[in-house]
Amino acid sequence: MKKILFASSECVPFVKTGGLADVVGALPQYLDKDEFDVRVIMPYYTCIPEKYRNEFKYNHHFYMDYGMRIVGTHVGIMEYEYKGIKFYFVDNEYYFKSATPYTSDLKWDIERFTFFSKAVLAIMPVIDFKPDIIHCHDWQTGLIPVFLKSTFASNPFYNDTKTIMTIHNLKFQGTWDIDTFKFNTALPDYMFTPDKLEYKRDANMLKGGLVYADYITTVSETYADEIKYPFFGEGLDGLLRARKMSLRGILNGIDYNLFNPQEDVQIFKQYNVKNVKSGKAANKTALQHELGLPVDKKKFMIAIISRLTDQKGLDLVNYAIERIIDPYTQIVVIGTGDERYENMFKHYRWKYPECVSANILYSDGLARKLYAAADSILVPSLFEPCGLTQLMAFRYGTIPIVRETGGLKDTVEPYDEFRNTGTGFSFANYNAEEMLSVINYAKKIYFERPADWDKMVTRGMKQDFSWNSSAKQYEGLYNWMINW
């Protein structure tokens, strides 16, 4: 049995702030359990819901050297089995007593996750789980490969253990001054050089992981290419070019059991690919009624389900929204984020109450209702490592309108009216006029060629973006690495 350990700062169903949690929660479920013993380790946050925390079992505790501190630091181990996967939780109330997994203090978060990275490696011999591969996710686990090749290099327990570093979003790296890192890691001076952890005179957790990991993956093939260039590379493009032979993109999936319009009890009316037209019409009119919009199934409903940040292309929306809105179009927004974008959508809701519904919150139930009701979903991102929104939209028969970047480019095939192919609409340049042109083209097809639109909906729903394909690729990667 091959042993794989997933290390992550968040995981569904315990803690979620973004797509990282979905991936870490879903991928282990889809790996072949006859071949792989997959376990997951994450921090024991106090914000994990009580219904799970009350079921956790105490395993062990010990005290660990942590950086240059004189006194040992407490490491507790809690465990829990969920859907056949064993989860371990690193317990230290000083670091993980928090209402959210991340705080507004980056220096504090770096100290917390440096502790977590070292504790992961200290825990494995205690629980007698010797991983063949430690699969590390994002900057919060970036120091695991570093510690494995330095502090733990002489520990025979880890003789054959290899590491994979997965980049979910290169923008977030865990960067702070070198002296702080030296205090927290007790690593030697020679590791804080430009070819290792140093980054613009500071130290960088993700960079450390990318330097010392045996292999690097990211969450779509296009993003794996994009990050080798300065615009997308966030200052690490040179390193990623140097490691290009150990870098590949494997597209994220979604859990098709979790997102299934035929069984989703949170939407107004269940439907499948055979009765999608009537099902979506019923969901649209019910949602219009709930949100106080004019009830009319013939309106073209555009969904925006997103974090409200610059990355998501909302400056393009701001530029063009007055020309997107017309008597035949409704825009429904769900999300939270930067105050200026929250206020922007509130303003347009006030100005065009019959056309715009701005829901400045995140509600899984409301999002599902919108996936089921909307005709299209707008995702005009500046960059998008993978994007799960468009995959969920396909599942619910909602046509994506996207910018051709990262996973959006890999998953949305542009509509071709001459061949009658494609699953959505896309534009190449980060340009509001180009986005508006594509939205208008989508409206034209919706209103003037409804039969072609319906065929596109069907093609999208019949695609398979479940975890099955991605899991097979990861299984192949794990096997290849273990047999090096």
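Helix α12 passes helix α17 in a right-handed crossing; a crossing is called right-handed if the near helix is turned clockwise from the far one by less than a right angle, and left-handed if anticlockwise. Helices (H or I, at least four residues) and strands (E, at least two) are DSSP runs, numbered from the N terminus. The structure is a predicted model, in which local features need pLDDT of at least 70 and side-chain atom pairs count only at pLDDT 80 or more, while totals for chains, interfaces and linings use all residues. Residues are numbered from 1 along each chain as its sequence is written, and side-chain values use heavy atoms, with hydrogens and water left out.

Two packed helices are described by the angle between their axes and the distance between the axes. The axes of α12 (residues 314–324) and α17 (residues 432–448) come within 9 Å and cross at roughly 40°; axes are lines fitted to C-alpha atoms, for helices over the stretch in contact, and angles run from 0 to 180 degrees between N-to-C directions. This angle makes α12 oblique to α17, because angles under 35 degrees count as roughly parallel, over 145 as roughly antiparallel, 65 to 115 as roughly perpendicular and the rest as oblique. In α12, the residues L316, V317, Y319, A320, R323 and I324 meet A432, E433, M435, L436, I439 and K443 of α17, where contact means heavy atoms within 4.5 Å. By class, this contact of α12 with α17 has 9 nonpolar, no polar and 3 charged residues. In this classification, Ala, Val, Leu, Ile, Met, Phe, Trp, Tyr, Cys and Pro count as nonpolar, Asp, Glu, Lys and Arg as charged, and the others, Gly among them, as polar.

Strands of a sheet pair through backbone hydrogen bonds, either parallel or antiparallel. An open sheet with parallel pairing is formed by 6 strands in the order β15-β14-β13-β16-β17-β18; two strands pair if DSSP finds at least two bridges between them. At its edges stand β15 (356–359) and β18 (425–427), each of which pairs on one side only. On average, neighbouring strands of this sheet are turned by 15° against each other, direction ignored. Within the sheet, β13 (residues 300–305) and β14 (residues 329–334) run parallel and are joined by 6 bridges. The bridge partner of I305 is I334 in β14. Helix α14 (residues 364–373) packs on the sheet and touches β13, β14, β15 and β16 (376–379), its direction making about 145° with that of β13. Helix α17 also packs on the sheet, touching β13, β14, β16, β17 (399–403) and β18, and its direction makes about 165° with that of β18.

Helix α14 is also in contact with helix α11 (residues 276–291). The axes of α11 and α14 come within 7 Å and cross at roughly 130°. That angle makes α11 oblique to α14, and the crossing of the two helices is left-handed. The residues K280, N283, K284, L287, E290 and L291 of α11 meet L366, K369, L370, Y371, A372 and A373 of α14. This contact has 7 nonpolar, 1 polar and 4 charged residues by class.A second open sheet has 9 strands with mixed pairing, in the order β3-β4-β5-β2-β1-β6-β7-β11-β12. Its edge strands, β3 (57–64) and β12 (247–249), each pair on one side only. Neighbouring strands of this sheet are turned by 25° against each other on average, direction ignored. Strands β1 (residues 2–7) and β2 (residues 36–43) pair in the parallel sense over 6 bridges, and the bridge partner of K3 is D37 in β2. The chain crosses from β1 through helix α1 (residues 19–30) to β2 in a right-handed β-α-β crossover; a crossover is right-handed if, with the strands pointing away from the viewer, the path from the first strand over the helix to the second runs clockwise. Strand β1 also runs parallel to β6 (residues 133–137), to which 4 bridges join it. Strands β2 and β5 run parallel and are joined by 5 bridges, with M42 opposite F89 in β5.

Helix α4 lies across β1, β2, β3, β4, β5 and β6, running at about 110° to β3. The axes of α4 (residues 106–127) and α6 (residues 178–185) come within 10 Å and cross at roughly 30°, which makes α4 roughly parallel to α6.

Most residues other than glycine have a negative phi, and most peptide bonds are trans. The peptide bond from V12 to P13 is cis, with omega near 10°, and P13 is placed in the loop between β1 and α1. K83, although not a glycine, has a positive phi of about 55°.
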